[in-house]
Every structure is written in C-alpha cells, then in structure tokens.
Amino acid sequence: MPVYTTSAIVLRRMNFGETDRIVTLYSREYGKLGAIAKGARKGLSRFAAATELLAYGRYQLATGRTLDVLSQVEIKESFPSIHTNLSKVAHATYLAELVDKMLEERDPNPNIFDLLLSTLYLMERPNDPEKITLMFELQFMKALGYEPILDRCLRCGASQSNSTELFFSPSLGGLVCRVCGPLPEDAIPITGPAVRAMQELISADARAVEQMEIPPATISQISHVMRWYIRYRADRDMKSREFLDSLKLG
Amino acid sequence: MHYARPLAKLVGALERLPGIGPKSAQRLAFHLLHISEDETRSLIEAITEVKEKITQCKVCYNFAEADICNICSSPKREKDTICVVAEPRDIIAIEKTNEFRGTYHVLQGVISPMDGIGPDMLRIRELMARITGGGIKEIILATNPTIEGDTTAMYLAGILKPLGVKVTRIAHGMPVGGDMDYADQATLIRALEWRREI
C-alpha cells in the first residue's frame, strides 16, 4: 500500500460504522480526496480533532482500494476562534461546502487551496466574516475561470465605470447596460460602490481585505449578486446558505 | 446470487442496517439460520415490542414506554435543570455516570448547515415552551464538541439567554487517559481556558 503525505483541510465528514469517519480532504498536492479515519470517533483517538470540519494539517494516507486510509496526522491549525463564533462558523462551513461541491476529485489547484487556507486564517482573526466570504467567493470564481466582468458591458463593451445605472447578469457573468438592448431576465440592479468593492475584493491580498471598509448595505448587495452568480455556475444552491440566511434574519 | 431465495432476502434486509456491510450481513444471516426456534421467536418478539410500545416522551422527546418517560415522571429528579442533548443515546451515556439529577431534552439532531439541517428541524420550539412554562433555573447544553454540536450550542445560547435562564455548556478539555502530545490546539486552548483550581 503506497503511502503519501499532503497538506489538507477537512471539507466534509460523515460517520461510518461504529467508530470510523469518512472525510473529504482538500489537499494542496492532490486536490479533493476521500479518506477513511479508523476509530476517529473514539474519545481518545488521535484522529478525532484532525477530522473535524475545517481542521488543517499534514495528513499521511495509505492508498486503499476504494478510499485511502488515514495513517498519521499532524494538526497545524484547528481555527478555535471560528469554532466559538456562530456567524464565523456558519460562514466557514459555507466556504467548505462551496469548495466541496464545485471541485472535482483529484483535480489539484494549489491557488484555490492557498485561497481557502488564507481565508480561514482571515476569518480566525477579528474580521467581518461576511466581507471575508465575499472576497473568497469572488477570488474562488476567478480561480475557476469564472471571473465576473465588472468594468464594461458584456454585450456592447461600453465602459460602465461612469454609468449611474448598473446591472449584473449571473447567466452572462458580469455587467450589462440597457443601451445596447433589453436587459436579460436575470439582471440584478447594482450600485457603483458595490461594483467598485467587488473589483477591489477580487484582486486584494489578505492585508488589503482586512483594511477595506465596506458599508453593510453594499455588503448585502454584493452578497445577493454573488449568491445568484454562484447558483447559476454551480447549478444549485449551497445547503449551508439557508442557515446563514436564518442567522441574518434572526 | 448464490444464496437460496429466503436467505438472500434476509442478507439483503440485514445489509440495510447501519454499519452492516455485505460480509457482516452474511455472517449474521448464517448465525440466525442456526439459532433455535425459541431464540428466533424471542428476537422477533423483541423487535415487534419495540416497534409497538416505544413512543416519544411528550416532555423531553426521549424514547419512552408511556406518554411521559421514567425520568420526566420521577419525583426524585430536579425539574428545574434541563440537560439538552442531541440524541436519546446521549441520555444513556450521561445516566451511566449516576451524577446528573436533573431532566433532559432531546433535540433529535444537531444543526448541520451542510446537510441542510436547520434549527427548525430540531425540537427547539418545544424546549422554548418548557422554559417559558416557568420553573427552570438552568439549561445545560450537552451537545458534542464537534462543529455541529458547538454551532447548535451557540445558537441555543443566543435564543435562550434572553429568556432569563442560566445557560451553561459542558466542559471540554483533555480526555481522561489522554495524551497531551496528540491533543489539538482547540482542545488545549479550551482545557487551559476552563482550568480550575485544585
């Protein structure tokens, strides 16, 4: 049984048998992969904490016939501040679901791995989880090749930087104007400050994002647009989105 | 398959049980084939009786033989303290300690956003009703220290505290017989945070 070691983050886990857990890891070197952690649900198991959702560590796996088997693990970070803050945990769970649902198995993308890890570290610090989530959504879509067009109309190419009336079309993947034709059915009105914040978020590094101040109304506008954009690209809604919404309403 | 038809049917039925794979199902089926008629009858009776007689306690939602379970109806239990657990099997684990004298409330699951399980799908409304009914001093949140268990506890604390009741969470830290070397950062942080003088 060949053994390999990889840096990975736990995206999902489910109980299996009496004491085992099946985990979905997102690894830097191998992409998304499934593994079985034997005895992970026993109180004294060295795998218990390492197979918690969002745990980040070095995982040693033995190649199995169907699932690889976890043989050793060294936890690097378990994000204690995320775990003890309801809003942060809800947002971080959503990020894990997004990566799990939108990526194929064994299709490595170190950029996305680094993005997820740095986003979790940002969330661990005293930052607004909603703003951090928007940064992740935008940069994640960009990394997948779905970068939204935010400076011009997608149909006629007219610059939208001075336009007062802006619309975002999830199906077209960016801004559209009403000068060159009727608006697509899914067009969502969006304000100039929201578009500018999206442009900044999509290219900002961690430090810049921490310093960005975005008014709550703008955040909720971008969040609405991204929700529809991701739903269009993923062809489904993320289940954890519902809980996030219920927290906002409550 | 290679089994005779009734045997194949039994193997198929056993395979549907949690944690039972094809090999275990086959082993169990062959065992059942060899047991005496009395043993077979008592097994069938036990299953039928459970299905017929076990219901849910109308107060705490634990499994019960009557409308109200033994714990909720016992005069010896302290009714002003409710220990909130996810599943009935958690009650059994706590009862084995012989340490807790209060009552329970079974949520019948935990909030699991990724699986689409939200607060509305748990027995939270019923818990709120018990508290607003009066006479409750303390709510102990005894969900697992997993991300779902913690999420559920934090959510409950947020909605229960405004009701003016004391809300506590079971302690987390080093397990008895554990090894510091294998403990993760979150466990050690909590163990240090919640340390106490000896």
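A polar contact is a pair of N or O atoms within 3.5 Å; within protein, one must be able to donate a hydrogen and the other to accept it, and residues adjacent in sequence count only if both atoms are side-chain atoms. This is a predicted model: local features need pLDDT of at least 70, side-chain atom pairs count only at pLDDT 80 or more, and totals for chains, interfaces and linings use all residues. Residues are numbered from 1 along each chain as its sequence is written, and side-chain values use heavy atoms, without hydrogens and water.

**View 1. Chain A meets chain B.** Chain A puts 30 residues into the contact and chain B 24 (heavy atoms within 4.5 Å). About 2,100 Å² is buried between chain A and chain B, with 68% from carbon and sulfur atoms (accessible area, 1.4 Å probe, lost on being put together, summed over both parts).

**View 2. Polar links between chain A and chain B.** Four residue pairs are in polar contact, both at pLDDT 80 or more. Two salt bridges also join chain A and chain B (a side-chain nitrogen of Lys or Arg within 4 Å of a carboxyl oxygen of Asp or Glu). A:Arg12 pairs with B:Asp115 in a salt bridge; their closest N and O atoms lie 3.1 Å apart.

**View 3. Helices H3 and H4 of chain A.** H3(A), residues 110-124, packs against H4(A), residues 129-143, at about 175°, with axes 10 Å apart (helices are DSSP runs of H or I, at least four residues; axes are lines fitted to C-alpha atoms over the stretch in contact, and angles run from 0 to 180 degrees between N-to-C directions). H3(A) and H4(A) are therefore roughly antiparallel (over 145 degrees). Among the contacting residues are A:Leu115 and A:Leu116 of H3(A) and A:Phe136 and A:Phe140 of H4(A).

Definitions and conventions: Chains are lettered from A and ligands numbered from 1 in the order in which they are written. Helices (H or I, at least four residues) and strands (E, at least two) are DSSP runs, numbered from the N terminus. Angles under 35 degrees count as roughly parallel, over 145 as roughly antiparallel, 65 to 115 as roughly perpendicular and the rest as oblique. Buried area is the accessible area (1.4 Å probe) that two parts lose on being put together, summed over both.
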